[in-house]
Amino acid sequence: MTSPSSPTPDAADQTKGLVIYRASRLEALLDPLLALMDSAPPQYVLQPHNVIAAHPGMKQWLTRAIARKRGPGGIAANIDIVLPSIWLDRLAQHVLGEEAIALRPYRRETLRWRIHDVLGVINDAQVSAYLRGDGVPRRRFQLADRLARIYSQYLVYRTDWLQAWARGESGPIDSGLLAPLWRELRTAIGQPHRGERLGQLIVKLKVGKITLAASEPLHVFGVSHLAPSELAVLRAVAAHRMVVLY
């Protein structure tokens, strides 16, 4: 792993590994990005450069910024800028033959309705007391939505807790309602969730004989933080191709 402050000729000569460019302003990161894209292009002429943008706003900004940097014509072509979730889905489909990392039953907008159904039958004194009296339908929906948001965050950052709860363990915290409710949901859905899929993906990248679809650098732009599992995926990919974080 290296952390150059400015573009280095050696970066273009690398075929594997993790490289980090750091700057206090996003604009300063455009020069090393474009320099490396020019010096290490894709193998085939019509194959696009792979760029991961932190979020939709970053994607729009980067598209315009690259076009402006390219000169008076203002054209940026053959660059595939995607969000991290889309890139992870594509990688999983290539390596595991799976459709997606974040399956629809575990997405918040779907998960909250599954939770809404389970809340009516789960054996929990606090939930039962909360769902009495006036305004029960509204409170039941609000609680289901709040719990779906919590689980959505855990699916990214605390998959170890979810897997412990699914095994019947209490985990490192007093989970209260969260553990038994998660066991009900995981059993009912019956499919691997995001954390489990990422674990399979990391193992396959590390020990399997995998040939990735591209060998040129993978550019990751403007990501200020990564979940441990996402960073582990990038590290595993870096054993096969160069991964550059800006």
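**Sheet, helices and salt bridges**

Author: Five strands form an open sheet in the order 1-5-4-2-3, with parallel pairing. Strands are DSSP runs of E with at least two residues, helices are runs of H or I with at least four, and both are numbered from the N terminus. This is a predicted model, in which local features need pLDDT of at least 70 and side-chain atom pairs count only at pLDDT 80 or more, while totals for chains, interfaces and linings use all residues. Residues are numbered from 1 along each chain as its sequence is written, and side-chain values use heavy atoms, with hydrogens and water left out.

Reader: What makes strand 1 and strand 3 stand at the edges?

Author: Strand 1 (17-20) and strand 3 (79-82) each have a single partner strand, so one side of each lacks a neighbour in the sheet. Two strands pair if DSSP finds at least two bridges between them.

Reader: How do you know that strand 4 and strand 5 pair?

Author: Strand 4 (residues 218-221) and strand 5 (residues 242-245) are joined in the parallel sense over three bridges, and the requirement is at least two bridges, so they count as a pair. Leu218 stands opposite Val243 in strand 5.

Reader: Why is helix 7 called roughly perpendicular to helix 9?

Author: Their axes cross at roughly 80 degrees and come within 12 Å. Axes are lines fitted to C-alpha atoms, for helices over the stretch in contact (heavy atoms within 4.5 Å), and angles run from 0 to 180 degrees between N-to-C directions. Roughly perpendicular covers 65 to 115 degrees, so helix 7 is roughly perpendicular to helix 9.

Reader: Why is the link between Asp145 and Arg108 called a salt bridge?

Author: The closest N and O atoms of Asp145 and Arg108 are 2.9 Å apart. A salt bridge needs a side-chain nitrogen of Lys or Arg within 4 Å of a carboxyl oxygen of Asp or Glu, so the pair qualifies. Asp145 lies in helix 7 (residues 136-157) and Arg108 in helix 5 (residues 108-119), 37 residues apart.

Reader: What makes Asp145 buried?

Author: Buried means under 20% relative accessible area, exposed over 50%, and partly exposed in between (1.4 Å probe, protein chains only). Asp145 has 14% relative accessibility, so Asp145 counts as buried. Arg108, at 31%, is partly exposed.

Reader: How do you know that Arg167 is exposed?

Author: Arg167 has 54% relative accessibility and therefore counts as exposed. Glu169, its salt-bridge partner at 3.1 Å, is partly exposed at 38%.

Technical notes. Angles under 35 degrees count as roughly parallel, over 145 as roughly antiparallel, 65 to 115 as roughly perpendicular and the rest as oblique.
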